[in-house]
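Hi everyone, thanks for coming. I'd like to walk you through a structure today, so please have the sequence and the 3D view ready.

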Amino acid sequence: WSAQPTLFSKTRALGFDTAAVGWYHPYCRILGGELMSCAWEPCATATQGRDAGLPTTMRNQLLSLSPWYPRLQHLRAYRQIVQRARAVIADPSFGFVFVHIPVPHEPWVYDRARGAFTLTNYPLSGYFDNLTLADRTLGELRRVMEAAGTWETSAVVVMSDHAWRLSHHFDGKRDSRVPFMLKLPGRAAGLVYEPPFGTLAAHELTLALLRGELDSSQEIAEWLDRYAAQRSVTVAKHTD
């Protein structure tokens, strides 16, 4: 897998430095050769022994019996990732930065009513507390970029790696959609793009943005129309 071309290697080929700050997946081990800067945190609810000796691993295994331990570890990973993300998004030397933040993913570690972190948010509705935390985190990162002067000059894509898998518990329907928001450099007028499309479009769309081929929201919409049409033709050919 690590030998295959990726968005990072293609970005490097265009002459841009790349950085990644991620969670869950071992980004640095797999993509390290394509990144000028990399940091990642494992899934705390499944890992107690990363980079630890036997005594520390045994201690962590015992602590994991506590219902609060996975939440403490999840919160620690969140803080580490946000701290490292703040550094790379403020650095104008990077042409492409990827940040994978572990919220609103469970466990729920935020209380939106108090505006504070918590270790005791267990109801299923706690998802909406973590969703609020994700929104506040995006605001924090935006303010960092504004202070560094990188917000106005950057295209910013906000998306999720998967839908909320428990959404059907609220209305009986499973919603497979994920958010996809794109801010262009400058103050381009916005629009809502209604037709559905696969988020794999982000790969080619990012490269088109880096090549300077798209300058407005309307051009983005037209690009997505062409992408969807091309994908439909490809699927039809494979089906035939």
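**Aromatic rings, a histidine and a pocket**

Let me start with Phe117, which is partly exposed because its relative accessible area is 32%. For that term, buried means under 20% relative accessible area, exposed means over 50%, and partly exposed is in between, with a 1.4 Å probe and protein chains only.

A quick word on the source. This is a predicted model, where local features need pLDDT of at least 70 and side-chain atom pairs count only at pLDDT 80 or more, while totals for chains, interfaces and linings use all residues. Residues are numbered from 1 along each chain as its sequence is written, and side-chain values use heavy atoms, with hydrogens and water left out.

Now, how many aromatic pairs does the structure hold? There are 13. Rings of Phe, Tyr and Trp (for Trp, its six-membered ring) pair if their centres lie within 6.5 Å; planes under 30 degrees apart count as stacked, over 60 as edge-to-face, and the rest as tilted. Take Trp108 and Tyr127: their ring centres are 6.1 Å apart and their planes stand at 80°, so this pair is edge-to-face. Trp108 sits in the loop between strand 3 and strand 4, and Tyr127 in helix 5 (residues 126-148), so the pair ties together parts that are 19 residues apart in sequence. Helices here are DSSP runs of H or I with at least four residues, strands are runs of E with at least two, and both are numbered from the N terminus. Trp108 and Tyr127 are both buried.

Tyr110 counts as buried because its relative accessibility is 3%. Elsewhere, ring pairs join Phe8, Tyr27, Phe96 and Phe98 into a cluster.

You'll find His100 in the loop between strand 3 (94-99) and strand 4 (110-111). Is His100 buried or exposed? It is buried, because its relative accessibility is 12%. Its side chain makes a polar contact with the side chain of Tyr27 at 2.9 Å, and the His100 side chain also reaches the backbone oxygen of Trp23 at 3.1 Å. A polar contact is a pair of N or O atoms within 3.5 Å; within protein, one must be able to donate a hydrogen and the other to accept it, and residues adjacent in sequence count only if both atoms are side-chain atoms.

Next comes Thr11, in helix 1 (residues 7-13). Thr11 has a relative accessible area of 0%, so it is buried. Leaving out residues up to four places away in sequence, Thr11 touches Phe16, Thr18, Phe96, Leu207 and Leu210, where contact means heavy atoms within 4.5 Å. Phe96 is one of the rings in that cluster.

By contrast, look at Pro5, in the segment before helix 1. Pro5 is exposed because its relative accessible area is 59%. Its C-alpha atom is separated by 9.7 Å from that of Glu34, 29 residues apart along the chain.

Finally, which element gives the most to the lining of the second largest pocket? That is strand 7, with 4 residues.
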